[in-house]
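Hi,

Here is the structure I promised to pass on to you.

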Amino acid sequence: TPAGCRMRTLAWLGITSLCLGAAWAVPAKEERRKAEKPKADLALYENLDLDNYDLTLDNYGEILDLSNYEELYDYGDLGPKIEVGTLAPRPKDPAALPDLGATAETPKLPPLTTAGPVHPAPPWAASAPPALPSCRLCLCIGTSVYCDDANLEHIPPLPPETTYLYARFNRIGTIRASDFTGLKKLKRIDLTSNFISWADVDAFRLLPSLQELILPENRLTALPELPRSIVRLDARLNRIPSTGLQPEAFRELKQLQFLHLSDNQLDYIPAPLPESLRSLHLQNNNIQTMHEDTFCDSQDHSQIRRALEDIRLDGNPINLSLFPNAYFCLPRLPTGRFF
């Protein structure tokens with residue numbers, strides 16, 4: 001009947017719509033899940049404080065403190081870094097490219113030899129004696145010689161063009177005047193942490209270019225004479241008494257800026273001090289008194305020593321408040337005991 005036909009038609013339409021609705025519902029749920037998942041992932045990181053992990057060039061020095069390595073590994077002679085390319089430029093002409101399909105002839109290898117590799121000779125090789133001992137025991141790079149922790153008992157013969165010598169953490173006991181003969185370009189000598197108990201008076205005086213003499217952690221009881229070119233003297237942690245210094249040892253050193261003699265056995269401040277001096281470290285000695293003219297000229301009250309800003313006298317049995325007229329020319333008071 002017509003009514004029955006209409007009912008069957010409506011039933012089929014209803015079933016079809018239900019199927020289509022179910023088919024559309026699955027992708028819709030998947031889309032909603034994909035849309036909601038990033039929100040859930042973001043919610044996991046909302047409580048994380050990522051500011052503390054922001055490592056930039058501005059805060060790098062605050063997070064990683066590398067200042068402790070400055071003294072132990074002070075290689076100031078290292079030159080600028082040289083970048084060397086490893087790939088040849090691509091030829092513009094395609095014909096210049098090798099034919100990978102062609103069979104290349106097998107190259108003939110040279111006969112084997114027992115000789116070692118040939119290295120280019122350093123610049124000073126022409127004037128240096130053959131098989132220089134220092135470059136067998138140490139590392140020679142340019143004009144620098146590195147002999148750290150090489151179990152040395154003496155200063156080895158050095159190339160005449162040597163500019164920097166590092167011979168730390170060895171067993172060197174004495175320094176002879178002949179150890180540095182003819183080294184007119186030598187600027188820095190670093191003999192930290194050896195067994196040095198004696199140095200000839202002329203061991204360093206005849207070095208015209210010497211600027212830095214580094215001798216801490218040895219057994220010295222006297223300082224040799226120094227060249228007028230010296231800028232930095234570091235003889236901390238030795239056994240030097242005041243009698244181990246030459247009279248007015250530093251008066252004529254017009255370029256001396258850093259004088260570090262802490263942890264020795266000094267009885268007094270080694271005056272007079274040159275006007276060039278910037279840093280004087282005498283802590284942990286046996287200094288008990290000083291003169292009013294130690295730092296300033298008591299006859300010239302207009303004097304100002306702007307350079308001398310770092311004076312360490314802490315760890316000495318001296319009461320600095322007893323000498324109020326000794327500091328009027330200084331930009332800062334010495335560090336020490338004022339009571």
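**Disulfides in the model**

There are 3 disulfides in total, taking a disulfide as a pair of cysteine sulfur atoms within 2.5 Å. This is a predicted model, in which local features need pLDDT of at least 70, side-chain atom pairs count only at pLDDT 80 or more, and totals for chains, interfaces and linings use all residues. Residues are numbered from 1 along each chain as its sequence is written, and side-chain values use heavy atoms, with hydrogens and water left out.

Cys 135 pairs with Cys 140, with 2.0 Å between the sulfur atoms. The link is left-handed, at -95 degrees about the S-S bond. Cys 135 is partly exposed at 27% relative accessibility, and Cys 140 is partly exposed at 23% (buried is under 20% relative accessible area, exposed over 50%, partly exposed in between, with a 1.4 Å probe and protein chains only).

Cys 138 is bonded to Cys 147, S to S 2.0 Å. This link is right-handed, with 105 degrees about the S-S bond, and both Cys 138 and Cys 147 are buried.

Finally, Cys 296 and Cys 329 are joined at an S to S distance of 1.9 Å, in a left-handed link of -85 degrees. The pair connects distant parts of the chain, 33 residues apart: Cys 296 lies in the loop between β10 (279-281) and β11 (310-312), and Cys 329 in the segment after β11. Strands here are DSSP runs (E, at least two residues), numbered from the N terminus. Cys 296 is buried at 2% relative accessible area, and Cys 329 is buried at 2%.

Best wishes

Methods
Helix = DSSP H or I, 4+ residues; strand = E, 2+ residues; numbered from the N terminus.
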